[in-house]
Amino acid sequence: DGKSQLEAMGVGEASWEIGFDALNALIQERNRDLSLEQVYATARSLHAQIVGRIAQLSDEDLQRPTRYFQPASDQENPILGWLVADTYRHYIEHLPWIKAIAKG
């Protein structure tokens, strides 16, 4: 949608510079009071949005550089790699934290 990652996550520039673990903690804290139903509803909504957006892209689009979709980016690598890294592979990264949080 042409938004930066920061805009899409609803965090400011300063938050980006604190590092990924601290940023993840900030986002987790922001959402900690959501009910399980709200978490699932949000996850379903975001999933539907990204699947819908990807469905609009051609194979040629998926090979375009990230900067094509995020003008503030200087990344030349194809957006497909970013999509993979920030979707299903990203879940795997967070699985240990999710399990720890679920255990309470």
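R67 is partly exposed in this predicted model, with a relative accessible area of 37%. The partner of R67 in a salt bridge is E76, and the closest N and O atoms of this pair are 2.5 Å apart. Side chains of opposite charge can pair when their charged atoms come close. In total, four salt bridges are found in the structure.

Another of these pairs joins E29 to R32, with 2.9 Å between the closest N and O atoms. Both partners are partly exposed: the relative accessible area is 46% for E29 and 47% for R32.

A further salt bridge links R64 and D61, whose closest N and O atoms are 2.9 Å apart. Here the two partners fall into separate classes. D61 has a relative accessibility of 16% and counts as buried because the cut-off for that class is under 20%. R64, at 23%, counts as partly exposed. This pair also belongs to a network of salt bridges that takes in E60 along with D61 and R64.

The protein chain is built with eight helices and zero strands, and its C-alpha trace spans about 45 × 30 × 20 Å along the principal axes. Of its 104 residues, 15% are buried. The chain exposes about 8100 Å², and 58% of that area comes from carbon and sulfur atoms. Among contacts with a separation of 6 or more, 26% are between residues 24 or more positions apart. As for charge, the chain carries 10 positive and 15 negative side chains, and the centres of these two sets are 7 Å apart.

Note on methods:
Residues numbered from 1 in each chain as written. Predicted model: local features only at pLDDT ≥ 70, side-chain atom pairs only at ≥ 80, totals over all residues. Heavy atoms only, no water. Helix = DSSP H or I, 4+ residues; strand = E, 2+ residues; numbered from the N terminus. Buried < 20%, exposed > 50% of the residue type's maximum accessible area, 1.4 Å probe, protein only. Contact = heavy atoms within 4.5 Å. Areas by Shrake-Rupley, 256 points an atom, 1.4 Å probe, with all protein chains shown as cover. Lys, Arg positive; Asp, Glu negative; His and termini not counted. Charge placed at Lys NZ, Arg CZ, Asp CG, Glu CD. Salt bridge = Lys/Arg side-chain N within 4 Å of Asp/Glu carboxyl O.
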